[in-house]
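Hi,

Here is the structure I promised to pass on. Have a look at it first, and then read my notes below.

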Amino acid sequence: MRAVVINEYGSKNVLVEQELPKPEIKANQVLVEVYATSINPIDWKLRAGYLKQMLDWTFPIILGWDVAGKIVEVGSEVTYFQIGDEVFARPDTTAEGTYAEFTTVDEELLAKKPSNLTFEEAASIPLAGLTAWQCLVDNTKVKQGDKVLIHAGAGGVGSLAIQMAKHLGAYVATTASEKNEAYVKELGADEFINYRIQQFEEELSDYDVVIDTMGGDILNKSFQILKPGGRLVTIAGQPNPALTEKYQVTASSYWLTPNGKQLGEIGELIEKRILKPQVGSVFDFSAEALQKAHELSETHHAKGKIVIKVK
């Protein structure tokens with residue numbers, strides 16, 4: 001099969017095309033013919049070598065942990081899915097990712113592709129969608145009437161989190177640049193903070209929840225807007241325990257757990273048109289196109305999700 005791999009850590013130029021054998025499935029897995037995948041920050045962070053202590057793999061490494069496609073082979077223990085099913089998933093984090101024509105997925109991580117989505121739209125959902133859902137529902141337990149700040153509302157996670165928080169009944173503020181004001185309001189944001197000219201910590205107060213996708217200084221300033229007993233979750237750093245104590249809030253760092261059942265529930269919200277996928281750009285499947293896609297993701301200014309059309 002064709003795959004785009006890395007054989008060393010480094011800049012976007014280490015992404016190269018290579019012929020590799022099709023992966024072999026275990027009894028609890030299916031083989032998915034990849035129609036589309038998408039780019040997430042984990043892809044280029046791993047490519048650059050930032051995660052090599054945590055994920056100590058041998059080369060070649062196939063990056064990519066979002067997939068939409070069709071099942072072409074099923075393992076002997078697979079019960080719910082069959083050959084020909086159109087599916088989407090956030091597969092397990094392995095060195096055999098989804099920048100390839102075929103990938104393996106554990107049955108418990110699979111969900112049926114929503115019938116009203118293209119493969120490109122479906123590929124944009126799993127990693128960002130599960131991250132947003134788990135941060136809002138499992139971690140901070142957002143409920144009707146909560147005031148929620150979602151940082152970077154025009155981004156991959158933010159654009160889905162706004163829609164989900166509104167579905168849960170929250171009042172939603174978000175940060176974005178002026179060019180994305182209309183966009184985030186269309187997604188459902190009640191309050192827009194132009195981060196270029198406004199300081200969110202001066203504009204907002206008495207919030208129940210912060211969903212931080214930025215880390216650093218933004219993460220630290222986010223404590224200031226929470227009411228005592230408020231909840232903060234970040235996907236981009238480690239909260240400072242001193243700030244947690246000072247502001248009397250709970251704060252945690254979060255890394256998503258792949259989950260096919262939850263992805264299926266997100267799929268149902270998409271079929272009911274409560275949630276809409278946010279595909280910002282689509283690239284072809286080649287080393288050169290993937291290099292450009294990584295470059296765009298690394299700017300932190302991509303709108304919506306960056307998708308790769310494989311087939």
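A quick word on terms before the tour: helices (H or I, at least four residues) and strands (E, at least two) are DSSP runs, numbered from the N terminus. Please keep in mind that this is a predicted model, where local features need pLDDT of at least 70, side-chain atom pairs count only at pLDDT 80 or more, and totals for chains, interfaces and linings use all residues. Residues are numbered from 1 along each chain as its sequence is written, and side-chain values use heavy atoms, with hydrogens and water left out.

Let me start with helix H3, which covers residues 126–139. Buried here means under 20% relative accessible area, exposed over 50%, and partly exposed in between (1.4 Å probe, protein chains only). By that cut-off 11 of the 14 residues of H3 are buried, so the helix is largely enclosed by the rest of the structure. Among the buried ones are Pro126, Trp133, Gln134 and Leu136. After H3 comes Lys141, which has a positive phi, near 50°.

Next, the open sheet. Its six strands run in the order S11-S10-S9-S12-S13-S14, with parallel pairing. Two strands count as paired if DSSP finds at least two bridges between them. Which strands stand at the edges? They are S11 (191–194) and S14 (250–253); each has a single partner strand, so one side of each is left without a neighbour in the sheet. On average, neighbouring strands here are turned by 15° against each other, direction ignored (axes are lines fitted to C-alpha atoms, for helices over the stretch in contact, and angles run from 0 to 180 degrees between N-to-C directions). S14 pairs with S13 (residues 226–234) in the parallel sense, over four bridges, and Val233 has Ser252 in S14 as its bridge partner.

There is antiparallel pairing too. S3 (residues 29–39) pairs with S7 in that sense over five bridges, with Gln29 opposite Asp106 in S7. S3 is also joined to S5 (residues 67–74) by six bridges, again antiparallel, and there Val34 stands opposite Gly69.

On packing: a nonpolar core is a set of buried Ala, Val, Leu, Ile, Met, Phe, Trp, Tyr and Cys residues joined through side-chain atoms within 4.5 Å. The largest one has 91 residues, and Tyr99 and Leu110 touch the most other members. This core draws at least three residues from each of domain 1 (2–126 + 258–309) and domain 2 (140–253); the domain bounds come from an automatic or database domain assignment. A second, separate core has 14 residues, including Ile193 and Tyr207.

Last, Glu17 in strand S2 (residues 15–19). Not counting residues up to four places away in sequence, Glu17 touches Arg2, Ala3, Val4, Ser286 and Ala287 (contact means heavy atoms within 4.5 Å). Its side chain also makes a polar contact with the side chain of Arg2, at 2.9 Å. For a polar contact the cut-off is a pair of N or O atoms within 3.5 Å; within protein, one must be able to donate a hydrogen and the other to accept it, and residues adjacent in sequence count only if both atoms are side-chain atoms.

Cheers
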